Amino acid sequence: MIRGGTVTSRGELLRIRILLLVMLAMLGLLAAALWRVQVAQGHEFEGDLKKQSVRRVRLPGQRGEILDRHGHVLAGNRPSYCIALYLEELRQGGRSNTVNSVMERLDGLGLLIGRDPELDREDVNDHILQTLPLPLIAWRDLDEAELARFAEHAASLSGVDVFVEAVRVYPEGRTACHVLGSVKFDSKIVNADQPFHYFYPETVGRAGLEKRFDEDLAGVAGGKSLLVDVSGYRHEDLAVREPEAGSDLLLALDLKAQRAAEQALQGVAGAAVIMDPRNGDVLALASAPTYDPNEFVPILTQATWDRLNSDPGHPMVHRAVAGTYAPGSVFKPVTAFAALENGKINAGTSFTCPGYFELGRARFNCWYRHGHGAQNVRGALRNSCNVFFYETGLLTGREMIAHMASAMGFGEKTGIDIDYEAPGRIPLRHQQQGWYSGDTCNFSIGQGPVTVTPLQMAVMASTIANGGNVPWPRLVLGIRAPGQDAFAPIPPRMVNRMNWSKRSLDLVQGGMRDVVMHRSGTGRLARIPGINVSGKTGTAEFGKKGNPKKRAWMIVYAPTEKPRYAIALVVDEGQGGGVDAAPRVQYILGQLFDVPLPESEVVHG
Amino acid sequence: MDRARFMMLLRRMDWGMLVAVGALLGVGVLFIYSACYRGDPDTVAPFYRKQMAWSGAGGIAFAVLTFLDYRRLAEQAWPIYAVGIALLLLVLFVGPTINNAKRWLDLPGVRVQPSEFAKLSTLLALARYLARPGLNLAHPQVVLSTGAIAVVPFVLVVLEPDLGTAAVLVPTTFMLLYAAGVPLKTLGLLVLIGLLLLPVGWFALKGYQQERILVFFEPAKDPLGAGWNKIQSQIAVGSGGLMGKGYLAGTQNVLGFLPRNVAPTDFIYSVIAEETGFVGSALVLSLYGAVITAAIRAALISRDKLGRLLSVGVAVMFFSHVFVNIAMTIGLMPITGLPLPLVSYGGSFTVSIMAALGLTQSVYVRRRRS
């Protein structure tokens, strides 16, 4: 047996004790370092951990509805049942293997539910690279049969589930399409104050009220945070902050009136506006031709977009507010008021119309070649005599007519709550050069350098109807926040008070009554039994020399005694206001007052 | 050995060390399970079961070495040393290449690491030499002979390459000289020479090994490559906080940020730190302190110098592994390949460490009577 030394020296034992002390001290050092890393700096590392393994997903809120004044839904939401794949349950080692297993699953599912696969390898690959923790939507808008097949055969498969998306729907189809606008499905809404990593696709307004009130309709987005593993696959959800639903819009539109206006424009291009002259509510804002906003949802196909853009009727243009037209004779009441209010003519002033008017060497014809004979202003309105208004216009002068037009809202936007409104044009009051008497003549009868929108015409009709208050056209009555019963109202308001004298009003209102109710009034085709209607027709020439075209106008208000409705209607190309516009207005009046009328060829033919 | 002597030795065992070792082995199995956990108990890789088997084998090795008389073992020190050298040569020429290294030998049914055996065989030889009665420790030849005994296995291990294991031989040899009684002046000189030789060592390092050291000083240099493990390990440790996230609730390993192949082995302490926080980490550190103290206790109470040196050597080897591994996990030292004794997954290593601890027990139970 080995004996290793007989005497144990104290020095050796001391050395060993020191060694133990040193080793324990070094372990103590480790403990101190642990304390620093875990307790003192723990937050920092927790932050690093979150940064690399936590992802935030934006959750869009339920979009608000758009309703007509009686609560009919014009724009709403419907559920779209989709099939979603969850790649974290289908993953294999390696990306191409994962793509293979996904494609396999897609093929199998397609056979089961009876739909062709809509995703290819590239789509799956893109999803893995860009939006891995989100579900991959394989099919949208499953019908009942497909859903049933899925539930029966495929519901127990791993990595697959039904996913419900909210999709915008317009139950009334084309009705009020220009007012409502359209939406798109966007999947990257940049939001600087709350950085998200991923976004669920969301409905965003792209035109019309959907766009203008998008912030109110969209609500407030929520968020979801989830844990991802080192490869980016979703591991589990951590927390959800629920989104807030959007607000609803209550419109002044009346669905029945809107339908009537659009039906009246069947087969032509044009616009029709119906207002309540007492408060400025816009009961109908119609433009033709129309489009179907449902075609934009869920995705606008290239074919549809091409078709809409290449349509020669330009269905996407909102003619009621954006279309600028020469008004023609419907402008004559403005000239009349300008002359009467400035004392240039009165009730007894009479001019004789021989069928033409000579100015220097130029000769302007009246539309009635035989001449209207002697008339006062009321008669001239009834007959829509050009010669009377040439005389009156020259007497009054361009400045006063322009001043009156401007006070009635022409030449500038009304400020209605919708985009793309055009201001129209009236000759500047202080424009001096290049203005001749002939221009004043044209101006007096609504031709030449004057353009208006159908909406401005409806405002004018309302102003005359209510005796001189220029209303602001109110399209949106109120906005209702989610969970509330009442709408926060957008109050009506008046833009201007004309302060017309009773004498002037009586003359012009009387003349306009005669236009419809007199047996030879130009607007007699707009008559409906039992109701007194006032109005004015107009035929405005436009187009190039050698290719003359005409706008066909009519404005009315009814009932004459206490007007509830003011209407402006224009047909882009027609023969004349009395021929083309009046019957259409008659149809609208029949619908508004519930008066049955024989089917008109013009409207239904 | 007869039954009476067996019972006596059993009573004299250091129960403190047994408890600490048993606790550490248990911690190892528990957290190897957690390191392999992916959120579903059905899919846990069966490493923890293997580790239980290795722990059992280690327990047997521990018992065998305890009851074996260390002095008889030391009588065979030179043949055992020769076997160690032979195994090291064998692995270099015949062993399979795994991960660009030749460290393993495929024996029927089991894969062993000769470097583990060589650590113990070298220790035995060194202790036998330095404990020789009448040795003049002040004589320079003592140091040279010691160096000669140690350098052969050192070089062979370096050639595998297994720098970590080779490096452990250095402090072990040095501390044996220190504990044996070599004069401090000589020891000081050795330290100086060692420092001067460091630059030589740097250039002898392979590219990836140099990379590891550089990345240690600047992990942002290569956060997705060599710096990844260091950064992820620190995040794991730091985010554990005071109380930890809870057993099986550590996200770094479950989500795969701490790579699956290192979590149960070299970075097992990260998993413990993330899931048990400072409280748990410090507790494990204390258990290691207890084991080292027990080994030194055996050295202090040993009946002879041989036992003293053997125990000191085991204590220093054990301490080196623990210190380097935990320091690496926290980010205080560059990444090495040193596993954590009794807790990291690994068969050869567990068995050899248990055998080494058994050796100290062998010394302890045969201590002086008073």
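This is a predicted model: local features need pLDDT of at least 70, side-chain atom pairs count only at pLDDT 80 or more; totals for chains, interfaces and linings use all residues.
Analyst: A residue is termed buried under 20% relative accessible area, exposed over 50% and partly exposed in between (1.4 Å probe, protein chains only). Residues are numbered from 1 along each chain as its sequence is written, chains are lettered from A and ligands numbered from 1 in the order written, and side-chain values use heavy atoms, without hydrogens and water.

User: Why is Thr537(A) called buried?

Analyst: Its relative accessible area is 5%, which is under 20%, so Thr537(A) is buried.

User: What makes the pair Thr537(A) and Thr522(A) a polar contact?

Analyst: Their side chains are joined at 2.8 Å. A polar contact requires N or O atoms within 3.5 Å; within protein, one must be able to donate a hydrogen and the other to accept it, and residues adjacent in sequence count only if both atoms are side-chain atoms. The pair therefore qualifies.

User: What makes β22(A) and β23(A) paired strands?

Analyst: Nine bridges join β22 (residues 534-542) to β23 (residues 549-558) of chain A, running antiparallel. Pairing needs at least two DSSP bridges, so these strands pair.

User: How do you know that the span of helix α3 of chain B agrees with its number of residues?

Analyst: Helices (H or I, at least four residues) and strands (E, at least two) are DSSP runs, numbered from the N terminus. The expected span is 1.5 Å times one less than the number of residues. For the 21 residues 47-67 of chain B this gives 30 Å, and the end C-alpha atoms are 30 Å apart, so the two agree.
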